[in-house]
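Welcome! Have a look at the picture, then read on.

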Amino acid sequence: MKKNKKELIKKIALYLFVIVLCVVILYPYFVMFTTAAKDRSEMYALEMTVLPLKWKWSNFIEIWSAAPVLRYFLNSVFVAGGATCVAILCGIPAAYAMSRMQFKGKTVFLGLVIMSQMFAPVVLLVGIYKLMTTLKMVNNLVGLILLNAAFNQAFAIWLLRGTFLTISPEMEQAAKIDGCGMVGALVRVLLPMAAPGIVTTLIFVFINSWNEYTMALTLMSTDTLKPITVGINVFYGFNMIQWQYLFATSLFATVPVIILFLCIEKHLVAGLTSGGVKG
Amino acid sequence: MKKILAMTLAFSMVLGLTACGGSGSSSSDSTTAAATEAATEAATEAAPAETEAAEASGDKLALDVIISQYGNYTQDWWSQFEKDFEAENADVDLNIEIVSWNDLYTVVNTRISTNQAPDILNIDVFADYVADDLLMEAEEYTSDELKAKIIPSFWNANEMDGTVWALPILASARALFYNKDILEAAGVEAPPATWDEVREACKKIKEYDANIVPWSLDISTDEGQAAFSYYTWNNGGGFVDADGNWALNSAANVEAVEFMKELIDSGYVTADPYTETRYPQQDAFAAGSLAMMLGPCNLYDLAPDINFGVAPMPTNGGNASVQMGVCDRLMAFRDDEAEDPEARTAAISKFFDFFYDTERYSDYMVFEGFLPVTTDSGELLAENAEQFQKGGGAGEGNSEYFATFCDMLSSCNFYPTAKAEWNDVKQGVINAEQQICQGEDAQSTLDALQDEIMALAQ
Amino acid sequence: MKKNSGLKKLAPYVWMLPSMILMAVMILVPIVTVFQMSMSQITKAGVIKGFNGGANFKAVFASNTFWHTLQNTLVWTVVVVGFSTVIGFIVAMVLNQNFRGRKIVRAIVVFPWATSLIIQSVIWKYIINADYGSLNVILMKLGIIKSAVNWTPGANAYFAWECWIGIFVTVPFVTFCVLSGLQSIDDTYYEAAEIDGAGFWRKLFEITLPLIRQSLTVSTVLNIIYVFNSFPIIWTITKGDPADRTHTLATYLYKLSFYSGRSGQAAAVSVIGFVILCFCAGIYMILSLRAEKEDQ
């Protein structure tokens, strides 16, 4: 009896904690949503309300014509997707080498990889712009992909190396004996086994690139090439701030990432279980 | 050997895929499939960018133009401008970028650092560019007709060391905007003309309805120097003394900044003067939750729903009321590597003649709601602004508006932007205002600023 | 045969080549530029004039704002990383329990991480505004407060809010790193401990913490770097105002570079930040190498 009571209290405490947690996390999104559905005139009204006096759903439609929002979205998808691919494709062999091979300077390389993370893009802005000018990649989505991929390289290598380390090399040896080359062993044996960890890395890199702002801001000046994080600034402009459009667009910008996340949540947790972030 | 070959192949595939894209959800065990899919997507996505680049590198003379964003529809107007201009001047390829004021300095500065300065730039400052010898002299590209129609005081405002370096693009006048209904309901008979009346009016409004913010103050990094001008000029002080030398720590200035602090401490202004720019304040004024604000003339159009009036800025100590004018600029950068400098200058010249064309320029002024700096457009708009449309379909222009404010403009004070230390002064006074309003001693803070600026000036 | 072994030695480097090329070009080149700039005279408009020795560093060290900013940066990093780690750990422990709706809660926890920092910052700026912000409205409607509260009366209050937003967006990352560690722990450990009569705390300190050490280290190290260099939150909320009291190094150098026209000094600040991080990384490397040796 007593134990049951204790269990019950524990359960209640757990649910209370979870509820508070969700309320705190969802609060800004609630504000974003209600504000996005308000009429502009309600934004600074004398009598403020929590919910819109009149739900103005048309805001969610108007944004698509108020600015090339769809274009911004496609750019973001392209940049984040591209950066993810490049980061993974470059990261896998590097992580493979670092987890499976012994060679001189391994520690130094790992150290360099971490060091590369120590300058935030904002710090390197002028340098980056200069470089992209030389490469003729200013106002170029591919340039942005390469930059994002590079700045996420360290992250990718770290995560992938951790995943590979948790997988016993014996299977690959067996595959090699069966006549597979090194590449074959990697592609046919290791990668499928490391799939969850790779998915984790994909998500991390994708989210980071999707949310990148400073580099895109300085490099992408052509309106039709801007990703959504920068493009959204049109509603945060000179004469007035269009809060309702800003937040409506922000919601749209957040949703794909969350859906993407939900889709692979199962993989992700499994990936993390397999020690995806083991250093 | 075979291994190495296979590896190299694998890597060349990776490297060749630099232009890869695709959905991030592509699962790992099908990297190759994802890659193919991505490559096709890349091809379609990158296509518009490439064609654009190809166009720019043609035989045409390309002009990079950076225009600052004045409103929500700035992009629309300039896109049309680009089309019209190129239709008339087939040999010139205009590349107009609209940059928001938030990012303008970042973009311009980065581009100058990397030798990618635009050909034509629209911004508020120019002294730093002159100091680095980056600008062309205005006389080089300004046609006689154009020069003749620019209001002389605006032409001269861009002079440094006897040379004019930029053209005025548009102006704006600042004055006191007040909500007639609120003032009346609170028992304030006339808009405040002195600081004492401001105090009294604020007190009455606060007593009438605590939800209404009586007065506005913006001392943020965005435009804190404007507040400095409003209060120091109307207290007999200012940035410079009668001889044009920096005089930031005058007694009048100290009193003016202390007045700002008093407004904050009394709770008469919006709660976030340090970080909130005037744009939300304008919206609050337009929504009727802010009673009075020292604001720009285009507030006239932004507040259609309330009954408001415009009055001169309140003054202190019997000084005459001084209104503030703001003037932004257009300037052309030198390009010593230009293949054909003469053709380039001619193209820039054409750009300006095209822009300042009476009809087109008047149209832009109505579109953005700013005041013209040319005599012909000033006259046209004061009488017949109704023939032009405001941006975003907000209706037609208003002649009365242009008549009132263009008239006011002639007696306005402007920032001393032509002095070399202006940018440091601007950042310095904002910082000083914030320090003083946070409790630092006004006199010593302004003294320190003055010393710092004088040290720079030497 | 001999030739083959030579190639074998080379193989790891070939495998790492694409990654290394990518990083060298896209990151190393800009880093070199920053070092160069930190020792150059740069005009206000941004023209790079030439070598000027340590003048930029001297000017930076002579500025009071820099020292205050440095202090802020340390507070910011320690507070945000510290609180995020503790909170993230607790959240992960909870999410590791079996309860109804766990899947949904897990998805919700990801929200702050999936939203761009700019948007997060803008929305929080809107929430805490005293005049029209949503927090006051909701608290007043709920009857918790009577009249509008000014949530940001001064620099410290702003900074506290910024730290809160920093924590808010960092917690999910920690949570998922820890969760991964937690899920890889075999239940038999706990069962064995329970038979031994171990309580909650003993299990926590003797099983959980040691076993998720790796995950925690990774998330902490990465967080220190990211938070230290974090830019959008502070820039959007205060731009370092009032009176430059809420800067961290990242926003300070941005303002120096793009508002005050002092790119040389800004580059010097970058280098100083880099040196600080390298110092921390050095300590970490020594510690982790030692730990790795112990493990072997």
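Chain C is divided into domain 1 (75-247) and domain 2 (248-296). Please keep in mind that this is a predicted model. For the complex, the predictor gives an ipTM of 0.84 and a pTM of 0.83.

**The two domains of chain C**

- The centres of domain 1 of chain C and domain 2 of chain C, taken over C-alpha atoms, are 23 Å apart.
- Where they touch, 13 residues of domain 1 of chain C are in contact with nine residues of domain 2 of chain C.
- On the domain 1 side of this contact, helix 10 (213-228) and helix 11 (232-237) of chain C each supply at least two residues.
- Helix 10 of chain C gives the most to that side, with four residues.
- Sorted by class, the side of domain 1 of chain C that touches domain 2 of chain C has eight nonpolar, four polar and one charged residues.

**Where chain C meets chain A**

- This contact takes 70 residues from chain C and 70 residues from chain A.
- On the chain C side, helix 1 (residues 2-38) of chain C gives the most, with 16 residues.
- The side of chain C that touches chain A has 52 nonpolar, 16 polar and two charged residues.

**Confidence in chain C**

- Chain C has a mean pLDDT of 84, and 95% of its residues reach 70 or more.
- Among the elements of chain C, helix 3 (residues 64-95) of chain C has the highest mean pLDDT (92), while helix 13 (residues 263-295) of chain C has the lowest (80).

**A closer look at helix 3 of chain B**

- Helix 3 (residues 74-88) of chain B has 15 residues, and from its first C-alpha to its last it reaches 21 Å, close to the 21 Å expected at 1.5 Å a residue.
- Which residues of helix 3 of chain B are buried? They are Thr74(B), Trp78(B), Phe81(B) and Phe85(B).
- Looking down the axis of helix 3 of chain B, you would find its buried residues within an arc of 50 degrees, so they line one face of the helix.
- The buried residues of helix 3 of chain B pack against strand 1 (61-68), strand 2 (92-99), helix 15 (341-355) and helix 16 (358-368) of chain B.
- Lys83(B) and Ala87(B), on the other side of helix 3 of chain B, are exposed.

Notes:
Residues numbered from 1 in each chain as written. Chains lettered and ligands numbered in written order. Predicted model: local features only at pLDDT ≥ 70, side-chain atom pairs only at ≥ 80, totals over all residues. Expected span 1.5 Å × (residues − 1). Buried ≥ 20, exposed ≤ 12 C-beta atoms within 10 Å, placed from the backbone. Arc of directions from axis to C-beta. Contact = placed C-beta atoms within 7 Å. Nonpolar A, V, L, I, M, F, W, Y, C, P; charged D, E, K, R; others polar. pLDDT = per-residue confidence, 0-100. Domains from an automatic or database assignment.
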